[in-house]
Amino acid sequence: MTADWTDGEPRIVVSVCAACGHRWYLRRAQCPNCGGSVSSTTSAGVGTVVAVTSGERGAIALVDLVDGVRVLGRCGSSLRPGSAVRLRFQAGADDPVAVPFFEAESS
Amino acid sequence: MAWIRGAGLTAFGRLPGRDALGWQATAATLAMADAGTRPRDVDGLIVGYATTLDHLMPANLLAEYLGITPAVALGAAVGGATGVAMVVQAVALVDSGAASTVLVVAGEDRASGQSTQTSTATLAQVGHRRYEVPIGATVPQYYALLASAYLHEHGLTPGDGLAPLAVAMRAHAARHDGAQFRTPVTAADVRASRPVADPLNLLDCCPVSDGGAAVVVSATAGGGRAVEIVGTGQAHLHQHISEADMHEFGARVSAGRALARAGVRIGEVDVFGIYDSFTITLALLLEELGLARPGGAGAAASEGRFDLDGPIPVNPHGGLLSYGHCGVGGGMAHLVEIVTQLRGESGGRQVARARQGLVHADGGVMSAHVTAVLRAARGAT
């Protein structure tokens with residue numbers, strides 16, 4: 001397994017099946033599509049907002065990365081579905097590690 | 001298939017005085033009395049999880065409390081789909097001969113037995129522990145994300161796309177003594193209510209309630225009030241929102257299986273119990289079930305299509321949005337209501353000529369889907 005932001009390394013790792021090419025985000029020991037072995041690649045951190053909400057605990061977005069996976073992260077409040085976004089990492093006061101934070105591509 | 005011989009549903013609300021076991025026992029006693037079943041007749045017991053109880057063996061706990069010594073006992077956890085899923089398992093037990101009289105129970109002091117913060121944090125654990133929970137999303141925020149995508153795709157506003165569903169559920173609840181919220185609301189009221197998770201406001205969200213529900217499932221009808229379970233189906237296509245197909249959550253597949261087993265077309269169903277934890281939940285389910293066109297659930301609600309005298313009556317008891325949501329019992333309340341409707345015992349909220357009903361529940365973030373098709377006993381209604 002390649003370490004990612006959940007391990008304290010500020011990057012999103014995309015898993016890729018060596019056998020069938022399936023790509024996914026949520027860490028697994030084998031491909032959920034065919035059981036094949038896993039290789040991984042680091043996301044370029046570029047994508048499009050699918051959905052956004054702001055609640056009592058801050059704004060969050062669901063983003064489709066160009067790497068072919070969907071990722072949940074925090075975001076700025078100005079984003080809308082369809083917005084082009086770029087990934088960075090940010091730790092709030094209560095966060096043990098920096099978490100994905102999406103900001104508008106143009107900013 | 002099997003028969004629902006008895007059903008019990010308590011009032012829902014913020015009703016201190018009972019713990020989870022107390023609500024379960026109350027609902028179970030109502031259902032057994034309704035069925036004419038004694039505790040010693042019960043040879044199968046299935047009990048849903050309660051977040052305030054957090055016990056490893058909920059069925060054994062209730063069995064001992066009620067003096068039941070079943071041949072089969074198990075607890076169940078499929079989120080909001082648990083209630084209908086338990087009934088599906090009860091049918092399987094009866095069909096296999098493993099049990100002949102199965103008591104299915106849910107109940108929880110979800111409102112008064114814990115703080116709102118604790119409840120919110122517990123429910124948020126349906127997110128992925130490693131990749132989603134650390135982001136801090138709550139269940140309302142997960143459903144708000146679904147609402148955001150839905151409104152964007154269809155070019156709708158919350159006021160026209162979602163609010164009319166809350167209005168319809170409240171109008172139904174006004175006719176049920178047990179409902180938590182019975183004062184009619186307008187779409188403007190929904191939009192003026194407190195923002196919870198944009199685009200969802202307070203009245204787009206079900207309340208957290210105390211309450212319980214139970215049914216007795218039997219191999220035999222035992223009388224004209226029994227309701228037959230003529231088809232069941234399930235679909236479990238994802239757990240986490242990151243991996244959900246937003247155009248195929250599982251409702252169509254689950255209902256398709258249940259209707260096929262029942263030999264019933266959805267157009268032949270007279271009354272529906274559809275899970276409605278949020279307005280967006282109900283919109284997405286109605287559309288995936290084919291009961292409204294894509295993006296059209298809110299408009300259909302505005303036109304009265306889901307009213308008691310409309311072509312597709314939905315949740316005559318008021319649903320989770322207005323009857324209330326005590327956890328597993330909240331999802332079972334739809335089932336109890338459809339049973340009551342098919343018996344013709346719904347009084348002032350009775351849907352005319354209700355012969356066949358469909359109940360559909362989802363758990364998690366549109367993750368687990370379970371459907372049951374029910375039919376009134378010959379000669380009823």
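The secondary structure of chain A comprises zero helices and eight strands. Chain B, by contrast, holds 13 helices and 11 strands. The model is predicted. About 2400 Å² is buried between chain B and chain A, and about 880 Å² is buried between domain 1 and domain 2 of chain A.

**Chain A: overall form**

- From the N terminus on, the elements of chain A follow the order β-β-β-β-β-β-β-β.
- Chain A has a radius of gyration of 14 Å, which agrees with the value near 13 Å that a compact globule of 107 residues would have.
- The C-alpha trace of chain A extends over about 40 × 30 × 25 Å along its principal axes.
- Two domains are assigned in chain A, namely domain 1 (5-42) and domain 2 (46-104).

**Chain A: a salt bridge between strands**

- A:Arg88 and A:Glu103 form a salt bridge through their side chains, with an N to O distance of 2.7 Å.
- A:Arg88 belongs to strand E7 (residues 84-90) of chain A and A:Glu103 to strand E8 (residues 99-104) of chain A, so this pair ties together parts that are 15 residues apart in sequence.
- Over all chains, the count of salt bridges comes to 19.

**Chain A: the interface between its domains**

- The C-alpha centres of domain 1 of chain A and domain 2 of chain A are 20 Å apart.
- The contact between these domains involves 11 residues of domain 1 of chain A and 12 residues of domain 2 of chain A.
- Of the area of about 880 Å² buried between domain 1 and domain 2 of chain A, carbon and sulfur atoms contribute 78%.
- Within domain 1 of chain A, the residues that lose the most area to domain 2 of chain A are A:Trp5, A:Ile12 and A:Tyr25, which together account for 56% of what that side buries.
- Zero salt bridges are counted between domain 1 of chain A and domain 2 of chain A.
- One residue pair is found in polar contact across the interface of domain 1 of chain A and domain 2 of chain A, with both residues at pLDDT 80 or more.
- The side of domain 1 of chain A that touches domain 2 of chain A consists of six nonpolar, three polar and two charged residues.

**Chain B: overall form**

- Chain B has a radius of gyration of 19 Å, which agrees with the value near 21 Å that a compact globule of 381 residues would have.
- Taken along the principal axes, the C-alpha atoms of chain B fill a box of roughly 55 × 45 × 35 Å.

**The interface between chain B and chain A**

- Chain B contributes 26 residues to the contact and chain A contributes 30 residues.
- Carbon and sulfur atoms give 57% of the area of about 2400 Å² buried between chain B and chain A.
- Two salt bridges are counted between chain B and chain A; one of them joins the side chains of B:Glu243 and A:Arg28, at 2.7 Å from N to O.
- Between chain B and chain A, 11 residue pairs are in polar contact, with both residues at pLDDT 80 or more.
- On the side of chain B that touches chain A, helix H5 (139-154) and strand E5 (195-197) of chain B each supply at least two residues.
- H5(B) provides the largest share of that side of chain B, with seven residues.
- By class, the residues of the side of chain B that touches chain A are 13 nonpolar, eight polar and five charged.

How values were computed:
Residues are numbered from 1 along each chain as its sequence is written. Chains are lettered from A and ligands numbered from 1 in the order in which they are written. This is a predicted model: local features need pLDDT of at least 70, side-chain atom pairs count only at pLDDT 80 or more; totals for chains, interfaces and linings use all residues. Side-chain values use heavy atoms; hydrogens and water are left out. Domain bounds come from an automatic or database domain assignment. Contact means heavy atoms within 4.5 Å. Buried area is the accessible area (1.4 Å probe) that two parts lose on being put together, summed over both. A salt bridge is a side-chain nitrogen of Lys or Arg within 4 Å of a carboxyl oxygen of Asp or Glu. A polar contact is a pair of N or O atoms within 3.5 Å; within protein, one must be able to donate a hydrogen and the other to accept it, and residues adjacent in sequence count only if both atoms are side-chain atoms. Ala, Val, Leu, Ile, Met, Phe, Trp, Tyr, Cys and Pro count as nonpolar, Asp, Glu, Lys and Arg as charged, and the others, Gly among them, as polar. Helices (H or I, at least four residues) and strands (E, at least two) are DSSP runs, numbered from the N terminus. The radius of gyration is taken over C-alpha atoms; the globule rule is 2.2 Å times the number of residues to the power 0.38.
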